[in-house]
Amino acid sequence: KVLEFSTNMFNNKIEVNYMNNTVIKDNAIIFSRYGEVVRITACYNNSIRFEAFPEGRIYNENFTLMPQAADAKITEDEYSVSMQVGTLTAKLERSGKIIFYHDDKVILEEKPELAFNGGFRHYECKPSGAWSARVTFKPNDNEHFYGIGHEPVGKFDLKGCSFDIRNVNTKCTIPFVYSSLGYGFLWNNPAIGNVELSNNRTRWSVNATRKIDYIVIDGKPKQTAQALADLTGHSPIMPHWATGFWQSRLRYETQDDLLAVVRRYKDEGIPLSVIIVDYFHWTEQGDYKFDPKYWQDVKAMTDELHSMGTKLVVSMWPTINGASENYNYMRDNNMLMRTTKGADRVFSFYGWQSEIDVTNPETRKFVWSKLKENYIDNGVDALWFDEAEPEIHPEDFDNLIWYKGRGDEVALLYPYYYSKMAYDGFKEIGIDDSVTLVRCAYTGSQKFGALVWSGDVFSTFESLSEQVKAGLNMSMCGIPWWNTDIGGFFGGDTQSEEFRELIVRWFQYGVFSPVMRLHGNRNRHGEKSNLKEPSGDPNELWSFGERIFEILKKLVFLRERLRPYIEHHMKIASEKGYPVMRPMFFDFPDDKECYTLGEQYMFGDDILFAPIVNRGQTKKTVYLPEGEWILTKDKKEYGKGYHTVTAEIDEFIAFVRKGAEIIECFV
């Protein structure tokens, strides 16, 4: 029996029962067996959603997913029922086993945990009423995985790796992988858990949930990226001001310190798009305002910055202490995280802090009102949402209670609603293209203008290598706006020759990143003040010696020349979901060699960049895919294959497709 219908026929209720305990209804397959109900739906072109409910009843929750209408063809026989959506087919067998096919080829197949075919999907009920759950798939020897957000693990191909599904500083979990077999897999569940991409199985697990929920998207990388954007949201078009050079350090202590830096950039003739005010510029954590002792006239400061062509970004933490003028109001109105046991002080930094509950719409409304009054109305252009995981100590998410639910069930949603707070607030005042720098994100955060950075990473060459691979994996997860602290955050000694070499190589990488932002806590050579949290050493272009200054200055001017190209690709990222910085296989999916290359990548359609990531390295072997390529430093032509290229400290390795106009930027 073949049943064909499209989504405009949702009101036609069709029920059949050829396979025991199966109902075909409203463009969905619903299958019931002991201890579980399964629902399979078409949710987008070439995409199928699988849900399994251990309580035996359907729990309707999309989280951040936005399912789309799609045509489906359902076929049933005595032993199985199948749904075909474009090139993707899901076959559900009577045993409960699910198999996914691209045309007639198996791409994903469940693996039983028991010998007699009954062990598909495993559940255990928790004291909270939620369930731990896991689903296991058969491994494929020739399969490679990319995604899972960013984490400094030094791996590009994630096959053979295991990852916690949780967020901490330097680790942002976006539970999506792209497979070299030609499909994407979105784990649609914000609970704490684990994913194993191992050689003996692929397994997704959560500690506390109400259902298993995932989407399989069939297609090559560009098709999958567009589907993921349609299913989770498109990023805005990045505004012009955000595509230039960003200056930051830990930290500018006073208004005079900050203005002096921007004035020097102006005097040097170096274009500066953004400068950032980091933490402890406030009176108390949770006040959301400048300390007038050190920042006497914020509006006059922002007016001068704007006259010099520089935007101001200000840091905010989700922490609040008992001395804050907002603490009692927020606590009494249930705007703070609560705990199942013990005190609600969950983060220690110069005293124990509580954290705001941004999953509560009333919290978002109240906090935005303070941010607007004290920052935005005084000319601040954008916000930096630090500690967006959120950072808590210890990491006992099952001890947290939020408006959206228990922490262990919904923990990954926190950064999503954190970014939403700023986006909605800016939209209310007529700004549709806001940018918010955030230390963490979740599936769909991109639609709120979330510019994710990789956290407080180390200032080492090893760390630089890790960041290149982490950024490429993040780019496959639907988050096109991503960057790092140029130079790393911890351990950079501005007087060290090793660090000076590192800052140049990282700066070169920053030129070919979606956003170019210099930041870091440089080694302190003496305390500057008696402030509670003193600054590190200077971290401006001129802080690393005259030779390095000249190199970095030229790189800033190169970034300026590249901005029209970057903005063109930012527009494509918004419209189609294609990342600006992308793995080689994104543009060359049929070239198997491109799935092995974690230290070179495409930057837009026409630039191939291969960063130097090792100390003392002046040569690198680069793979060029099909076509003719121009080496930017000498304009020599190269063809397909591996080529060894030199790059002294003041040189980098980049190729441009022959015939692309962007070659003119490399002078």
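Residues are numbered from 1 along each chain as its sequence is written, and side-chain values use heavy atoms, without hydrogens or water. Because the model is predicted, local features need pLDDT of at least 70 and side-chain atom pairs count only at pLDDT 80 or more, whereas totals for chains, interfaces and linings use all residues.

**View 1. An open sheet of three strands has the order E24-E28-E29 with antiparallel pairing.** Strand E24 (338-339) and strand E29 (405-406) stand at the edges with a single partner strand each, so one side of each has no neighbour in the sheet. Strand E28 (residues 400-402) pairs with E29 over two bridges in the antiparallel sense, and Trp402 stands opposite Gly405 in E29. Strands are DSSP runs (E, at least two residues; for helices, H or I, at least four) numbered from the N terminus, and two of them pair if DSSP finds at least two bridges between them.

**View 2. Helix H2 (residues 255-268) and helix H3 (residues 298-307) have axes that come within 11 Å and cross at roughly 5°.** Axes are lines fitted to C-alpha atoms over the stretch in contact, with angles from 0 to 180 degrees between N-to-C directions. H2 and H3 are therefore roughly parallel to each other, a term for angles under 35 degrees. In their contact (heavy atoms within 4.5 Å), Gln255, Leu258, Leu259, Val262 and Arg263 of H2 meet Val298, Met301, Glu304 and Leu305 of H3.

Notes. Angles under 35 degrees count as roughly parallel, over 145 as roughly antiparallel, 65 to 115 as roughly perpendicular and the rest as oblique.
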